[in-house]
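Here is a short report for a reader meeting this structure for the first time. Take a look at the sequence and the model before reading on.

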Amino acid sequence: MKKTVLAIAAGAAVAATAPAAADYPNRPIQMIIPFGVGGATDISGRALSAALGKIVPQPIVVTNRTGAGGATGSVVVRDADGDGYTLLYARVGTHTTNPALNPNLPYTVDEFRFIGVYEINPVACVVNSNSDIHTIEDLIEEVKANPGFVSFSSAGVGSMPHFAGLMVLSVFGIDDVDEDVIHIPTEGDGAALTAVLQGTSDFYCGSTSPAAPFVASGQMRPLLVTTPEAVPGFDAPTSADLNMPELEVMVGWTGIAGPASLPDDIAGMWGEWLAEAVQDAEFLRIMEAGGSQVRLMDPEESVRFVNTAADAFATMARELGITLVD
Amino acid sequence: MSFFDAFVQGFALVAQWESLAFLALGIAIGVVAGAIPGMSATMAVALTLPFTFAMQPITGILLLLGVYKGGIFGGSIPAILIKTPGTPASSATALDGYPMAEQGKAGKALSMALYASCIADFVSNLALILVAGWLAAFALNFGPPEFFTLIVFSLTIIAGVSGDSLLKGAVAALFGLLLATVGMDFIGGTNRFTFGSPDMMAGLNFIAVLIGLFALPEIFSHIRNPKEREGNVRKLGDSHLTREEFRGSLKSILRGSAIGVFMGSIPGIGAAPSAFLSYSEARRASPNRENFGKGEIEGVAAAEAGNNGVAGATLIPLLSLGIPGDVITAIIIGAFMIHGLTPGPLLFTNHADLVYALFIGLIASSVLLLFIGWFAVRGFRYVADIPSNLLFPSVLVLCIFGVFAINNSIFDVGVMLVMGLLGYAMLLLKFPAAPFLIAFILGPLLEDKFRQSMLMSRGELDIFVRGPITIIFWCLTVISVVLIVRSTMAAARIRRQQRRTSMPPRTGTNG
């Protein structure tokens, strides 16, 4: 009797853990966006999901699970079964900067398996056009002359602009960034840029796409972009012009991840689907309109990319002494 | 391109059947979505967004704006009929709308909500077209300290919706403030009252709290005491408004529209505080002050004018500065960008025809809202005719579905049920729910803006009197508090006198 129970239990365990890739997918796939509707991640994720919907044999259901800077949605996917039916649109904020800055996060990067990073967002630093600051050197001088008086706004604690603002200053030789500049968190990139426009904060470093309209209209002035190539519309020195290759790790990205237990064969299938989906004309049009660069990495490269970035940022946060404490 | 050319070209863009048809379709979608509990105007706009990608820019944007405006009005329908605000902005409408429905005047309440919405919407659109530049400059001067003083002033609304006991209102408000602190702290990133739960880190969902607090206590009291309403089908009532009723509310509608325009043009406030502020101002100015909260038609008018007055004005910072005023306009910015249009000062130079087309479309939307809303009112008011033993279980199911759908989260459903129990306890103990809700909405804004200001000023408190705007709000707050104290004391005096007259006369009394 006992043996039969054990055998059944073992059988059930095998059935539950055996990769069911042979018939994967046989039901709709839920893809979770950990940020609100209408934001950059949402637009990007929905555009890709629409393209994937034409390729993946089962319907794709996109769901927003917002809150706590993307932590709530991320945890839902971490806790899901690794059967490939619950996936996450992860982003630089949720899986690079926030884990590096915030030790109170309820998840870690290695609890996820990445199956495809597909979007890169260049980062730029901007100031109000009325400001006396015309170049990044002006900004650095200003911070050095008045430590503790220059402020920057971000999309919230642990968000990419939070990290970017501190990191750029430290690359340019501000030693104690935690003390010398003031971080003003706001509700999102839109609000962070509004703060620059209103004079609430002095500068913002973040994705070029939300800043592009303000630069185009002359309301804001770009100081630099962190990519070696120039960004259209941003008439500012690149990392190559500045001879600062250290800046280049500071880019935004979006990718798809499952829980760490996601098996190889399912990851492989996604690699193929994504390779086809990113060719979709409508998807490319939306990405281009938003100022993002489409760059698909295969599953192995994605894992490497995210882990390298997470490690580099965590080290940087420790060295700069900007990790949050509770 | 001269103004006239741009205007003519804009007119040509709108005067196509597609533009008007999609605008009307958007309003219809919005009204229906707003009327479903848990389905907010924000969600409806977000779900419509992908369909606009393949459209002409002007039709796509008009469709979204239609959904937005329809959704804000649609929220008032369930607020009045079943005390379940479809959108946060319509919770103020439930305060007097639901008592009216109870009294068999659902039709009148809905009609008033519609007229107030359309008039406020029209005023708001006019403000966008005529004084956008001026209001945009004003919005740019509205930093965290100004915002903070505005919220402090808005907290005085609590006195206006506290009902009979100011003390109970204040206690309810403190509870709201306390619950609003749950979640990850916005400035420092620390977890507050989360007990290690990632769901709690996101804070308590606003709509779950709203529905739990307003709709569920009604259902619970019906379960406990079904006899009370057995066989007593509420009448729809006449939906025709008399000239006197309309005229009596017109002042409140116009005041509400103005408040809506003002609050809408400031990025980050949204429609709910505006509706409450308009409601409390109407109550303060009304001769029927005592009747507010008990089915006063002017209360419905003021609340709806306050929330629809925001709709056009939120486009002021969007179009003139490129700043999204609220979540919905943030989505609409997305729609602009997808079509390669960048909202902001350049839009007026590079795409003047589109801007004028939008303006004309917006004016048309006020009129279309009147027509579509008229049909909706006639369709939806039959809900009031459903016997309560069918209606209440259906409402409960709808609430659970709606709250689940916000985030696909069963946790939110749990929040709603717990808030329902709390709301029921408050109902039994005669604690008003509205102060709780206002504090819950304004609490996080108050804290964030205070702390942002402190960061800006490096801890100097004098930032809160840094300019004329902050000083005006401090003065308004003081005036408001003085008025509250005076009216509370006057009310206490009247009660004392009533008690005295009902008792045998005594000698030697003094005041």
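## A buried alanine and its surroundings

B:Ala28 is buried, with 20 other C-beta atoms within 10 Å. A residue is called buried if 20 or more other C-beta atoms lie within 10 Å of its own, exposed if 12 or fewer, and partly exposed in between, with C-beta atoms placed from the backbone. The model is a predicted one: local features need pLDDT of at least 70, side-chain atom pairs count only at pLDDT 80 or more, and totals for chains, interfaces and linings use all residues. Residues are numbered from 1 along each chain as its sequence is written, while chains are lettered from A and ligands numbered from 1 in the order in which they are written.

B:Ala28 sits in helix α2 of chain B. Helices (H or I, at least four residues) and strands (E, at least two) are DSSP runs, numbered from the N terminus. Leaving out residues up to four places away in sequence, B:Ala28 touches B:Gly70 and B:Ile372. Contact here means C-beta atoms, placed from the backbone, within 7 Å. B:Val67 is 39 residues away from B:Ala28 along the chain, yet their C-alpha atoms are separated by 7.3 Å.

## Chain B as a whole

Chain B has 23 helices and 2 strands. Its radius of gyration is 23 Å, close to the 24 Å that the globule rule gives for 511 residues, so chain B is as compact as a globular protein of that length. That radius is taken over C-alpha atoms, and the rule is 2.2 Å times the number of residues to the power 0.38. The C-alpha atoms fill a box of roughly 85 × 60 × 55 Å along the principal axes. Buried residues make up 60% of the 511 residues in chain B.

Helix α3 of chain B covers residues 41-52. Of its 12 residues, 9 are buried. Among them are B:Met43, B:Val45 and B:Leu49. The buried residues of α3(B) pack against α2 (17-35), α4 (57-74) and α17 (327-338) of chain B.

## The core

The largest nonpolar core has 277 residues. Such a core is a set of buried Ala, Val, Leu, Ile, Met, Phe, Trp, Tyr and Cys residues joined through C-beta atoms within 7 Å. Helix α7 (residues 106-140) of chain B gives the largest share of this core, 18 residues. Those with the most contacts inside the core are A:Val126, B:Ile80 and B:Ile438. Beyond its neighbours within four places in sequence, B:Ile438 is in contact with residues including B:Ile157, B:Val161 and B:Phe276.

## Where parts meet

Chain A is divided into domain 1 (28-120 + 252-320) and domain 2 (123-249). These bounds come from an automatic or database domain assignment. The domain centres, taken over C-alpha atoms, are separated by 26 Å. The table sets out two contact regions.

| Parts in contact | Residues from each part |
|---|---|
| Chain A and chain B | 44 residues of chain A, 46 residues of chain B |
| Domain 1 and domain 2 of chain A | 19 residues of domain 1, 19 residues of domain 2 |

On the side of domain 1 that touches domain 2 of chain A, α4(A) gives the most, with 6 residues. On the side of chain A that touches chain B, the largest share, 5 residues, comes from α8(A).

Note on methods
Expected span 1.5 Å × (residues − 1). Contact = placed C-beta atoms within 7 Å.
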